[in-house]
Amino acid sequence: MPQPPPPSRRRSAHPHPAQATSAQHGDCDTDQPCLLERAQLHAVPSTLLIPLAARAHGGRYFAWLACHDAVATQLLAALGADIHAYLDDLPTVLNVLWRTRAIKQVGQAFFAEHPQALGVNLGCGLTHHFQWLDTGANQWLDADLPEVMALREQLLPLHCPRARHARVDLAQPGWWKRLGLPKKTDAQPVLLICEGVLMYLQPEQVHAVLAEFAQSAPPGSRMVLDVLTRQAVGRAATHASVGPTGAEFHWGVGRMAELEQVHPRLALLREQSVSECYGWTGIALDMLWRPWLGAPLYGMATLGVEHGSP
Ligand SMILES: C[S@@+](CC[C@H](N)C(=O)[O-])C[C@H]1O[C@@H](n2cnc3c(N)ncnc32)[C@H](O)[C@@H]1O
């Protein structure tokens, strides 16, 4: 199992970012509330800092997974966020870097086949996947809840005419149309990314999101998402990074096949487990746990709407 080097700035005791005052934020002026404080993010939106910290600094601990995000470090500095507690949670840092790599791979394969297609990041937080997936001819849409998009618009204003922003609540049915996504009859498929989002929704809301994708997307479309085991539901308080935010996990999978069973147009094209990062030991442990967990502790799925589906 690959062991990460010890973090260079580990702290044994420090306030969690979600609880810190402005004086405790590394980049904050002590007299002025930082941008992060002014944004007053609710519990679930505030979790966007966790993957942002991993993309900014995770390469220090897991060099082979470094994503070389061109903007994450500056975004954290502009926010005035103290993210040391997140970097102490190395399993989560690893999960985020692994999923970033998996998403890049799915995206690059998709746009190699469809260089002019649309990519959509649902619950985008402060990710900037278009830095890696811009073909020079494709379109991009980043969408999240209004409070997150207000922050994003300040920090990551649009510079490319092929990219746009939108406010969306995925818990409200009808988001496909509200976002102006292509019709089912369009020739060009769509790539949807939904990372670190669906576990915060209720199971019936997740099923509705997947069913809306299945019902609405043109053939050849893909959706890449991450999943937690169902055993994690209701246990966010025990998660080192998510627990202090107050957010809760409401949705997890019992079996990966459940994803495609939501709608007849859906096909589970690929499933991955983060255990692959831990070599043979991880794979063996994954096999050992599977009969009990039914799914990876943390995994990725690529869903497709296939040609020829009704
Ligand atoms: C852990 S963050 C992940 C952010 C981003 N996807 C990333 O990986 O950096 C969870 C994100 O899900 C978004 N989210 C949660 N519920 C949502 C909903 N109902 N509609 C849209 N976005 C939602 C939050 O606002 C937040 O940005």
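How is Arg-167 classed, buried, exposed or partly exposed? With a relative accessible area of 45%, Arg-167 is partly exposed, where buried means under 20%, exposed over 50% and partly exposed in between (1.4 Å probe, protein chains only). The structure is a predicted model, in which local features need pLDDT of at least 70 and side-chain atom pairs count only at pLDDT 80 or more, while totals for chains, interfaces and linings use all residues. Residues are numbered from 1 along each chain as its sequence is written, and side-chain values use heavy atoms, leaving out hydrogens and water.

Eleven helices and seven strands make up the secondary structure found in the protein chain; these are DSSP runs numbered from the N terminus (helices H or I, at least four residues; strands E, at least two). Of the 310 residues, 55% are buried.

Ten salt bridges were found in the whole structure, each a side-chain nitrogen of Lys or Arg within 4 Å of a carboxyl oxygen of Asp or Glu. In one of them, Arg-167 pairs with Glu-153, with the closest N and O atoms 2.7 Å apart.

Through shared partners, salt bridges join Arg-99, Glu-195 and Asp-226 into one network.
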